[in-house]
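Thanks for coming. I will go through one structure today, starting with some local backbone features and ending with the ligand.

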Amino acid sequence: MSLLTRVSRAAGGALLRATAAGRHRCSKSQHHLQRVHSRLVCAGAGRMGVAGSCRRGNTEQDSDGGGSPVSGRKMSTHSNNSCIGDLVEGVICQEDDLPKDGMKSFEFNGEKVLVVHHNGQLSAIGSKCSHYGAPLENGTLCEGRVRCPWHGACFNVTTGDIEDFPGLDSIPKYDIEVTEGQVKVRASKTLLINGKRTKAMAKRDPNNNSSYVIIGGGGAGASCAETLRQEGFTGRVILITQESQLPYDRPKLSKAMDIAPEKILLRSEGFYESGDIEVLMGVSAEGVNTEEKMVHLSTGDTVAYEKLFIATGGKPRRLGIAGDQLPNVWVVRSPQDANALAAAAAQKQVVVVGTSFIGMEVAAFLSTNDRAASVTVIGNTSVPFENSLGHAVGQRIQEMFEEKGVKFIANSGVVGFSESDGKASGVTLDSGETVEADVVVLGVGVVPNTEFLEASSIPRNQRGYIPVNEHLETSIPGVFCGGDIAAFPLFIEGGEEVSIGHWQVALGHGHTAALNMTGQSVPVKSVPFFWTVLYGKSLRYTGYGKYDDVIIGGDLENLSFIAYYCCGDKVVSLASLGKDPAAANYAEMLQQGKSLTKQQVIDDGEIALKLKC
Ligand SMILES: Cc1cc2nc3c(=O)[nH]c(=O)nc-3n(C[C@H](O)[C@H](O)[C@H](O)COP(=O)(O)OP(=O)(O)OC[C@H]3O[C@@H](n4cnc5c(N)ncnc54)[C@H](O)[C@@H]3O)c2cc1C
Ligand code: FES
């Protein structure tokens, strides 16, 4: 029987919220090759170089690395690659071609493998990030892991395991050894082609009566559910989501607004079935009784839990003025919102209220290829992103939009809507001016989806976020919380309580919460990393904190720059565009507990490109 339940009455970021306060005054190694420890892909082939029966097409359940040392047996020394079942082996380069201490990708059997020679260890792993496929060779190597240059995911260089997010999968690890000056690799052809490795999941044990319940099927909820199984939990895993589809890649919604939801699912239906993860779709949690350990559902049913993870995310803020609920006044949070808005905006006059990342991505999408007849953006600052990225960067981004025909109305508040035939026909500004509109999009932040907990004993802070400790546990033992709604201690800020609306943070929280739910004691210790895409240009942002000065290195005019946000003498965050891996390097530096000084960036505006572990 299917574990997926669809209930017919389905219900329907504060991006950089953490920094939205913005520009406020802020008070080796010896070249010694070792044979790597390896665990073979080939079942029955105990060690490298031993033929056996291969597990074909079973990459989704492949090993998570580790294992026994390579035996003294040598690999085939054929000059061409040789194949045994699903395995392929061959020479990828000469020993002298290896990086002295670093990483380099090599062609192998029509694909690429990333060879890492680090701290005297040699390893070979997948060459592409499991998230969107960035070449990891261009990322940051530090402390046994490589950080992706695009959005900051991290992979262990020995096992290929994912250690920081976004992305859910690990990458393959391959066997590598040096024999008589030749560097040889052995790999599963399937893994080589897939380039990703999904960790094995435990099966449900019917004798285990524990029930771990997750409320919210977004990034955090999805990551928690699968991590529970990957960590060997064999009780019931129940994922409750009020949406009518399986968890999906929410950041895509404002970048590819017309994309079909089934194209952006994080995992297939079969995946959840194979992991015995029960997904209740179209079901809302309406309350939690922590005494009885019960979740009350919109269906009238209750679900008992032993441990609970709450990750209900944000919901778009409305303006709270008459007219903001009219049918052509849109927000974007779900695929249904995005798809319907994209269709409604075709060849229409669109007014975007708010210069948040979501509003600006929507404006970029609708002004590309003349999808909308016109796009006007209304902001309450002098340029977009002024609070989060500073005036100069915001100004340059505005110019980029203006080159595409987008109009901006700055320093303006919206005080009302004019109405015609039950629809908004214009947006009225505090100046008295009315801007004509067929379609209005609100991009004015999000509020946490936590009202349903009002009657529960789970505390919320004044803004409605749920405080948690470093293990993401609330003050109620066994009740965990993560993602957009969590108020959690940020390790790079000495444990300051923050709420951060980033996809990477949400996936990481789900993972860490699951580790702690399964009895481990793992603090949340990840550097926030955010990205946005505007007209195909990716801006990366990492770090955290209010700033009082911005120093820009590189070439802002040509959109190839690094912006350093400083608070006093210290750089607290960084944004980059066209300067990879500056953001990954800086994130890794923060991860290691180090920091940059303002003077260092004054001396060298491109220092983030040169940071070494
Ligand atoms: C359009 C858009 C674009 C974005 N782009 C980026 C980006 O480029 N980069 C980036 O880093 N971040 C981006 N974000 C932010 C990122 O998507 C969020 O930070 C992330 O989704 C938060 O994950 P979450 O699991 O906490 O919450 P969500 O992903 O919001 O998931 C929460 C889930 O819980 C469900 N739910 C809510 N209440 C209940 C209830 N009572 N019962 C059952 N289910 C419930 C919701 O319907 C939802 O499915 C974007 C967000 C949006 C909306
Ligand atoms: S492509 Fe690597 S983190 Fe996104």
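The model is a predicted one.

On that numbering, Pro166 sits in the loop between strand E10 (162-164) and strand E11 (173-179). The peptide bond joining Phe165 and Pro166 is cis, with omega about 15°. There is also a cis bond between Asp580 and Pro581, where omega is about 5°. Pro581 is in the loop between E38 and helix H9 (582-591). As background, most peptide bonds are trans, and most residues other than glycine have a negative phi.

Lys293 has a positive phi, near 55°, and is found in the loop between strand E16 (285-289) and strand E17 (294-297). Lys293 counts as partly exposed because it has 18 C-beta neighbours inside 10 Å. Asp370 also has a positive phi, near 50°, and belongs to the loop between H5 and strand E23 (374-378). With 13 other C-beta atoms within 10 Å, Asp370 is partly exposed.

Next, helix H7, residues 391-403. Its 13 residues reach 18 Å from first C-alpha to last, close to the 18 Å expected. Which residues of H7 are buried? They are Val393, Gly394, Ile397, Gln398 and Phe401. These cover an arc of only 135° around the axis, so they are on the same side of H7. In general, residues three or four places apart in an α-helix point the same way, because there are 3.6 residues a turn. Glu402 and Glu403, on the other side of H7, are exposed. The packing partners of the buried residues include helix H5 (357-367), E34 and strand E38 (570-577). After H7 comes Gly405, with a positive phi near 95°.

Helix H8, residues 503-517, is mostly covered: 15 of its 15 residues are buried. H8 reaches 21 Å, close to the 21 Å expected. Just after H8, Gly519 has a positive phi of about 95°.

Where does ligand 1 lie? Domain 2 (211-315 + 448-517) and domain 3 (329-444) both give residues to its shell, so ligand 1 lies between them. Helix H2 (219-230), strand E14 (236-241), H8 and strand E34 (529-534) each supply at least two residues of that shell. Of the 38 residues around ligand 1, Gly216, Gly218, Gly313, Gly483 and Ala506 come nearest. By type, the shell has 15 nonpolar, 19 polar and four charged residues.

Notes:
Residues numbered from 1 in each chain as written. Chains lettered and ligands numbered in written order. Predicted model: local features only at pLDDT ≥ 70, side-chain atom pairs only at ≥ 80, totals over all residues. Helix = DSSP H or I, 4+ residues; strand = E, 2+ residues; numbered from the N terminus. Expected span 1.5 Å × (residues − 1). Buried ≥ 20, exposed ≤ 12 C-beta atoms within 10 Å, placed from the backbone. Near = placed C-beta within 6 Å. Nonpolar A, V, L, I, M, F, W, Y, C, P; charged D, E, K, R; others polar. Domains from an automatic or database assignment. Arc of directions from axis to C-beta. Contact = placed C-beta atoms within 7 Å.
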